Amino acid sequence: MGKVKVNLLKKVDNSYEIIIGKGLLSQVVKYIADSNYGRVAIITDTNVKKLYGKKFLSMLKDKKVLAELFSFNAGEASKTREVKEKLEDALTRSRFKRDSVVIALGGGVVGDLAGFVASTYMRGIPFIQVPTTLLAMVDSSIGGKTGVDTRYGKNLIGTFYQPKIVFIDVEVLKSLDRKEMLNGVVEMVKHGIISDKKYFLFMRDNIDRIYNLEEKILIEAIKRSCQIKKSVVERDEKESNVRKMLNLGHTIGHAIEKASEYKLSHGISVGMGLVVETKIAERLKMIHPVESRKIIDLIKKLGIKMNLSGINVRDVVKNTFYDKKHTARKTNYVLPVEVGKVVIDVPVKEKIVFEVLQAA
Ligand SMILES: NC(=O)c1ccc[n+]([C@@H]2O[C@H](COP(=O)([O-])OP(=O)(O)OC[C@H]3O[C@@H](n4cnc5c(N)ncnc54)[C@H](O)[C@@H]3O)[C@@H](O)[C@H]2O)c1
Ligand SMILES: [Zn+2]
């Protein structure tokens, strides 16, 4: 018998910077022009292509960068293996090689899909995130989760693959509608609830300024949210433990979103999820009513009403079973114990969830 050992023990440094500011697109162009990438593939969706993609491409070309734009139909329905395959074929057809870089220019759908493409194309090529929705800025562009949906569920196929750098240009939020802004704002409030009371209060006191895109406040809010998400990801990149806390509001939120057949937005569903999960914590005597009031009041201030009319509560409970965190007839929840602190892996009986939902 023979034995050969392949020694691959290595220390990798996947650290990267998140740059936040106004009018950064030209800085991205400079960064790319100064790098040694052979070719640049900008991956975007049809909406962002019209708004910023074409301009971005011509800015790169002006700097003599070899760049090409690839787009797919905007919307979650495009986050599939089929669209990934089309993008891969397009890159191959255009002879993109291992010295190429992918730029994900768009919201979370673009980031997840383009990141996944980059992670497997020619066994992995670098990618840069240029998030253009508030949700992508504070949430999906950080942490390296990439992936696509399948008919059996969302985000089931994917990789952990970190970007080389993230450029957040708040200027692009000018074209984003209020519903999309809310999707981001809810995740920001969630960040406050899970680990930073001061930030929670900052969000509460500055909501209108954020909607009005007041530059200084907006940049500060995004920066602090990114800091919270990154420190969670640093502690647990692959979601074995503490990263689960980012799922606060999402066990019920996803279940509501699905029960509404995706008519309710992610932000509104997660907002309701935060309320219901806070009430579950209150029912289990894990949070003082004074603290839970603060959370519920802020969700209300965001304009999210607890309204499950037209939604079958039983379906919502059933949908939580398909949540990755489900075991037997109990589902594991992330629950708040005070503003700024949560606990993970709390098993909650179906009956309690059902009762809280009915009373909500
Ligand atoms: N990877 C992660 O860690 C992570 C975390 C959270 C969410 N996600 C994923 O993110 C996705 C949701 O992201 P999203 O909310 O950004 O959705 P999205 O990418 O579909 O963008 C929402 C809409 O806004 C448009 N848009 C984007 N930027 C715009 C701009 N500046 N102005 C005007 N319109 C603009 C898009 O074309 C789209 O129609 C989901 O697929 C979700 O699973 C991933
Ligand atoms: Zn979310």
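Axes here are lines fitted to C-alpha atoms, for helices over the stretch in contact, and angles run from 0 to 180 degrees between N-to-C directions. The model shown is predicted, so that local features need pLDDT of at least 70 and side-chain atom pairs count only at pLDDT 80 or more, while totals for chains, interfaces and linings use all residues. Residues are numbered from 1 along each chain as its sequence is written, and chains are lettered from A and ligands numbered from 1 in the order in which they are written.

**View 1. Helices α6 and α8 pack against each other.** Helix α6 (residues 178–195) meets helix α8 (residues 215–235) at an angle of about 50 degrees, with the axes 10 Å apart; helices (H or I, at least four residues) and strands (E, at least two) are DSSP runs, numbered from the N terminus. On the α6 side the contact (C-beta atoms, placed from the backbone, within 7 Å) is made by M188, H191 and S195, and on the α8 side by A221, S225, I228 and K229.

**View 2. An open sheet is formed by 6 strands.** Their order is β1-β8-β5-β4-β2-β3, with parallel pairing, where two strands pair if DSSP finds at least two bridges between them. The edge strands, β1 (17–21) and β3 (67–72), each pair on one side only, and the twist averages 20 degrees from one strand to the next.

**View 3. Strands β2 and β4 pair within the sheet, and helices pack on it.** Strand β2 (residues 40–45) pairs with strand β4 (residues 101–106) in the parallel sense over 4 bridges, and I103 in β4 is the bridge partner of I42. Helix α4 (residues 108–120) touches β2, β4 and β5 (127–131), its direction making about 170 degrees with that of β4. Helix α8 touches β1 and β8 (165–169), and its direction makes about 165 degrees with that of β1.

Definitions and conventions. Contact = placed C-beta atoms within 7 Å.
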